[in-house]
Amino acid sequence: GMFRKNEDLTPSQRCLAVRRMPSLLEYLSYNCNFMGILAGPLCSYKDYITFIEGRSYQLQQSEANGKEDTKYEQTDPSPNIAVAQKLLICGLSLLFHMTITKTLPVEYNIDDNFRATASWPVRFFYLYVSLMAARPKYYFAWTLGFGFRGYDKSGVTRWDLISNLRIQQIEFSTSFKMFLDNWNIQTALWLKRVCYERATFSPTIQTFILSAIWHGVYPGYYLTFLTGVLMTLAARAIRNNIRHYFVESPAVKLCYDIVTWMATQAAISYTVVPFVLLSVKPSFTFYSSCYFCLHIASILVLMVFPLKRTQKGSKKHESVQPVWSRKLEEESLLRKNSYSTTNNSFSQKQEITCRYQALKQ
């Protein structure tokens, strides 16, 4: 925001740009806030400093012509309902984690007696419920965070500024992409900006590898994300080649959604087992007990179905829908573009331009 020309920045970079050097107090405050020290969710410096300075509720809606809309009087909103909802979700998630999760350990999937005696349907059912039971601790950690986003066009307050997950969409996702779009949203957007949009080749593979490195040194992370590459590409190929045959009739589409929900939950559970087990030996024990079935199936899918290639240049991200949805990015831009970085006239002009571009999208 200070050392590169404005025309050299992408729209998202222009709207997240920091136009003045933060003070030492601002810098330490941003890096040491509880979301940064603990488990997230990640937020941009611009959103953080706007929230801390109390400027988020003072901003006005920008019309498509660049003028400010003063139709609605904007006052300091009451956070009581939003806070109560977040605390309720956190409480229920923590209670679930401390009770149900303990009775459904993921490690039981590699128990010798269980693998020897249980049938394939029973094993896959337990795989699903054990991984579902492992998610509430993330729901607990990622639900907290500041959330006021501003006002919509009707003057209604919005409380999804730092929204890191959408529980309903996660549990009922009908595609691998839909699951990723709604899981650890802020980190996914960060990975999309710093890696996916900048990659010159194989952006999906590069982004998954970076994500694994960012998570840490446990081998299970790398097994999970390498498996995730296969699953993502295979799911994309299937969706691009066969989904349009099942969307004409509501009844047929319902059946398609049910089948894809079951397939997605099985694929997600299969993929993330090493993420929980962490070590190489138990992870390979699990995959070998399943005969690497979904790995092999994904490779076969990629051999049978054509996959659209990512084009270079300005249209690179128009040919292939990225792992993290465009819709989510557009919503994020619309939200982020509604905030000012400084009070000088140059910054105000930049804000109006960014919000105008987002509204056009």
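In this predicted model, helix α13 (residues 219-242) and helix α14 (residues 250-277) have axes that come within 6 Å and cross at roughly 155°. Because angles over 145 degrees count as roughly antiparallel, α13 is roughly antiparallel to α14. On the α13 side, the contact is made by Gly-220, Tyr-221, Leu-223, Thr-224, Phe-225, Thr-227, Gly-228 and Met-231. Helix α14 contributes Ala-267, Tyr-270, Thr-271, Val-272, Pro-274 and Phe-275. By class, nine residues of this contact are nonpolar and five are polar, with no charged residues.

The whole structure holds four cavities of 30 Å³ or more. The second largest cavity has a volume of about 60 Å³. Its lining consists of Asn-109, Phe-114, Trp-120, Arg-123, Phe-124, Leu-127, Phe-286 and Cys-290. Helix α7 (residues 120-133) supplies the largest share of this lining, four residues.

| Class | Residues in the lining |
|---|---|
| Nonpolar | six residues |
| Polar | one residue |

The last topic is charged pairs. The model has seven salt bridges. One of them joins Glu-53 and Arg-20, whose closest N and O atoms are 3.6 Å apart. This pair links distant parts of the chain, 33 residues apart. Glu-53 lies in the loop between α4 (45-52) and β1 (61-62), whereas Arg-20 lies in the loop between α1 (11-16) and α2 (24-32).

Conventions
Residues are numbered from 1 along each chain as its sequence is written. This is a predicted model: local features need pLDDT of at least 70, side-chain atom pairs count only at pLDDT 80 or more; totals for chains, interfaces and linings use all residues. Side-chain values use heavy atoms; hydrogens and water are left out. On a 1 Å grid over the protein atoms alone, a cavity is a set of points where a 1.4 Å probe fits but cannot get out, and a pocket is an open set with protein on both sides within 12 Å along at least five of seven lines; lining residues have an atom within 4 Å of a point. Grid points are joined across faces, edges and corners, and a volume is the space filled by probe spheres set on the points. Helices (H or I, at least four residues) and strands (E, at least two) are DSSP runs, numbered from the N terminus. Ala, Val, Leu, Ile, Met, Phe, Trp, Tyr, Cys and Pro count as nonpolar, Asp, Glu, Lys and Arg as charged, and the others, Gly among them, as polar. Axes are lines fitted to C-alpha atoms, for helices over the stretch in contact, and angles run from 0 to 180 degrees between N-to-C directions. Angles under 35 degrees count as roughly parallel, over 145 as roughly antiparallel, 65 to 115 as roughly perpendicular and the rest as oblique. Contact means heavy atoms within 4.5 Å. A salt bridge is a side-chain nitrogen of Lys or Arg within 4 Å of a carboxyl oxygen of Asp or Glu.
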